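Here is a short note for a colleague who is new to this model. Please keep the structure open while reading the points below.

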Amino acid sequence: MSAEFTAPKGIPDYFPPASADFLAVRKILTEAAYRAGYGHIELPIFEDTALFARGVGESTDVVSKEMYTFADRGDRSVTLRPEGTAGVMRAVIQHGLDRGQLPVKVCYAGPFFRYERPQAGRYRQLQQVGVEAIGVDDPALDAEVIAVADEGYRRLGLTGYRLELTSLGDDTCRPQYRAALQEFLLGLDLDEATRQRAQINPLRVLDDKRPEVRELTARAPLMIDHLSDSAREHFAAVRADLDRLGVAYELNPRLVRGLDYYTKTTFEFVHDDLGAQSGIGGGGRYDGLMRQIGGKQDLSGIGFGIGVDRTVLALAAEGVSVAGRGRVQVFGVPLGAAAKAELVGVAGALRQAGISVDLAYGDRGLKGAMKAADRSGARIALVLGENELAERTIEVKDLTNGEQRKLALDAVVGELVATLRS
């Protein structure tokens, strides 16, 4: 029988047991940021639409085609956040964080929203972990941000990814390059929509995934060949620091990110086992964003966004699980009402001691309860029946090797805490 209600198209549900990998990925990626001194920031799910139009860029697909925008009851135009950087910069300006210690280093995690064609790893509600470091234009900070993402992937056990890296230049060289690229593009036989994009933001054309456009632009001039001396020195310093940090990378001079605010260092992590949707995370430097959204200063920043959903798919492609063996460590099997009452107390004491515990509810028999214990992934099963109650003992079964022993009921909590923490 089909359900009367289903999740909206392109919006995934996360439920056990697969949700355990999802949670573990998010936890490990954020911990990599916390180890580098990034503090947590919690952002609004929706913001003033103008923040994204000005901050992300009106010519981008994100703003022109993919945003969930609506009028609230006060007839204000608001948008479900499509990315995190503009919101972080707004928070920095609003709360005066830029007037304190610099750089401002923050980490965030949660859902973002883009109206895209749903496919594997590409959802309309996507989950991301992101970091932003705002206020210092230092190549060593660029390298740190990239290394934080790389460490997260390594700690997850991913091996089949690669880091692509380029520079998109700065204000001293981008105008000249933009003119050269625009001249090249307008000399091509482009469709009308692409020609208009070339006139508004020619760099966006290099991000077009259509094979016929890629073929036409194969000989387009590249930003990496038009860098100013200062931009070239900045990029060389980033690469040298990545070498010192042991972060491997490949130069990709055609790399273009999907957001307008990127300058200088730009990067993407790619996993080829995911097919067309091979990007699992990326980011770059954004030196003009603060003033663009109303800041009195024009502090630079650099950050990344990692797709949690795509990272989970990459782990599955490599046959790697990061969730651990089971959802609980101990599973209680009560045989009878009196035994259940006793095990409820044991379970509570174990949980207070930091041990995860579940019970066989619903008065099921021994066979069914032991099947539930196996499915839980628990290491230990506690079996308590009338005979054990009379003796004030409990049967302890190691589900990893089948060994069984009896313990005094009053001593089982202390014994299990010592065993499971050793």
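**Notes on one arginine, a helix pair and a sheet**

1. Arg26 lies in helix H1. Helices (H or I, at least four residues) and strands (E, at least two) are DSSP runs, numbered from the N terminus. This is a predicted model: local features need pLDDT of at least 70, side-chain atom pairs count only at pLDDT 80 or more, and totals for chains, interfaces and linings use all residues. Residues are numbered from 1 along each chain as its sequence is written, and side-chain values use heavy atoms, with hydrogens and water left out.

2. Arg26 is partly exposed, because its relative accessible area is 27% (buried means under 20%, exposed over 50%, partly exposed in between, with a 1.4 Å probe and protein chains only). Neighbours within four places in sequence aside, Arg26 is in contact with Ala109, Gln127 and Val129; contact means heavy atoms within 4.5 Å. Arg26 and Asp309 are 283 residues apart along the chain, yet 9.6 Å separates their C-alpha atoms.

3. Helix H1 (residues 18–34) packs with helix H5 (residues 139–156) at an angle of about 140°, and their axes are 8 Å apart. That makes H1 oblique to H5 (under 35 degrees is roughly parallel, over 145 roughly antiparallel, 65 to 115 roughly perpendicular, the rest oblique). Axes are lines fitted to C-alpha atoms, for helices over the stretch in contact, and angles run from 0 to 180 degrees between N-to-C directions.

4. On the H1 side, Ala24, Val25, Ile28, Leu29, Ala32 and Ala33 meet Val148, Glu151, Gly152, Tyr153, Arg155 and Leu156 in H5. By class, this contact of H1 with H5 has nine nonpolar, one polar and two charged residues (Ala, Val, Leu, Ile, Met, Phe, Trp, Tyr, Cys and Pro count as nonpolar, Asp, Glu, Lys and Arg as charged, the others, Gly among them, as polar).

5. Now the sheet. Five strands form an open sheet in the order S13-S12-S14-S15-S16, with mixed pairing. Two strands pair if DSSP finds at least two bridges between them. Strand S13 (357–359) and strand S16 (404–408) are the edges, each pairing on one side only. Neighbouring strands of this sheet are turned by 25° against each other on average, direction ignored.

6. Strand S15 (residues 393–398) pairs with S16 in the antiparallel sense over five bridges. Ile394 stands opposite Leu407 in S16.

7. Which helix lies across S12, S14, S15 and S16? Helix H15 (residues 412–421) does, running at about 130° to S16. Helix H12 (residues 337–352) lies across strand S12 (330–334), S13, strand S14 (380–384) and S15, at about 165° to S13.
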